[in-house]
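Me: I would like to learn how to read a sheet and a loop residue in a model. Please take me through one.

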Amino acid sequence: LRVFYQRNQVLPRKILFYRDGVGENQFQHVKTYEVKVLKEVFASVYRNSGPTLTFIILQKRHHTRFMPTEPREGDKLGNCRPGTVVDRTILVEQEFDFFLQSHSSLQGTSRPIHYNVLHDENNFTADGIQTLTYRLCYLSARCTLSISQVPAVYYAHLIANRAKHYFRWDGDEKSDLSRGSGGSSVGSIEEVKNGLTNAMFFI
């Protein structure tokens with residue numbers, strides 16, 4: 001938020017927060033704890049009232065697959081076309097969630113992403129959040145086509161996988177086994193050079 005302000009001289013008034021890696025049994029914890037923490041961060045950065053927040057959880061680890069009812073309605077592999085949304089019949093009516101198949105697979109059966117709108121202060125309609133989420137999938141810096149999930153979550157995975165290479169263990173170099181078995185080794189994070197601090201170098 002501070003970097004955003006430095007570059008734009010204004011803070012965002014609406015924030016969409018896409019969160020991955022949450023099971024359905026953790027939804028209530030996320031809603032009561034993580035949304036609260038975000039609000040506390042906004043209060044520390046914003047001088048006046050903070051932004052309106054929409055908190056969305058996406059799930060990839062499921063066994064749901066969709067196929068077109070007519071072969072001519074699918075792509076060349078027989079999958080549903082990118083942009084296919086399922087938001088009724090197989091979902092719970094009381095919840096604000098939907099399946100979105102935003103990409104076209106190179107091989108095999110495409111897997112849709114299950115999005116759950118956990119907290120919404122921006123008053124999105126179902127069509128509004130589905131269309132916005134789908135269009136965001138075209139904004140990846142690595143691909144000219146749409147990808148399977150919103151780029152913000154994809155970027156988070158990239159930087160998390162890269163961060164482990166910046167960790168330096170202190171002490172014995174041969175203590176890999178002891179670290180894995182609860183050893184007492186400690187370490188530190190290498191700092192990124194100044195020119196790359198606020199750049200998306202991990203892409």
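Me: How many strands form the sheet, and in what order?

Reply: Strands of a sheet pair through backbone hydrogen bonds, either parallel or antiparallel. In this predicted model, 5 strands form an open sheet with mixed pairing, in the order S1-S2-S5-S4-S3. The edge strands, each pairing on one side only, are S1 (14–20) and S3. From one strand to the next the twist averages 25 degrees, where axes are lines fitted to C-alpha atoms, for helices over the stretch in contact, and angles run from 0 to 180 degrees between N-to-C directions. Strands are DSSP runs of E with at least two residues, helices are runs of H or I with at least four, and both are numbered from the N terminus. Two strands pair if DSSP finds at least two bridges between them.

Me: What should I know about the numbering and the cut-offs of the model?

Reply: Residues are numbered from 1 along each chain as its sequence is written. Local features need pLDDT of at least 70 and side-chain atom pairs count only at pLDDT 80 or more, while totals for chains, interfaces and linings use all residues; side-chain values use heavy atoms, with hydrogens and water left out.

Me: Which strands run parallel, and which antiparallel?

Reply: S1 and S2 run parallel and are joined by 7 bridges, with leucine 16 having threonine 54 in S2 as its bridge partner. S3 (residues 84–86) and S4 run antiparallel, joined by 3 bridges. S4 also pairs with S5 (residues 113–120) in the antiparallel sense, over 4 bridges. Leucine 100 of S4 is the bridge partner of valine 85 and stands opposite isoleucine 113 in S5.

Me: Are the residues of S4 buried or exposed, and which way do they point?

Reply: In a regular strand the side chains alternate between the two faces of the sheet. In S4 (residues 97–101), Asp97, Phe99 and Gln101 point one way, Phe98 and Leu100 the other, and all are buried. Buried means under 20% relative accessible area, exposed over 50%, and partly exposed in between (1.4 Å probe, protein chains only).

Me: Where is arginine 65 placed, and what is in contact with it?

Reply: Arginine 65 lies in the loop between S2 (52–59) and S3. This arginine counts as partly exposed because its relative accessibility is 37%. Leaving aside neighbours within four places in sequence, arginine 65 is in contact (heavy atoms within 4.5 Å) with Thr109, Ser110, Arg111 and Pro112. Its C-alpha atom is separated by 36 Å from that of proline 51, 14 residues apart along the chain.
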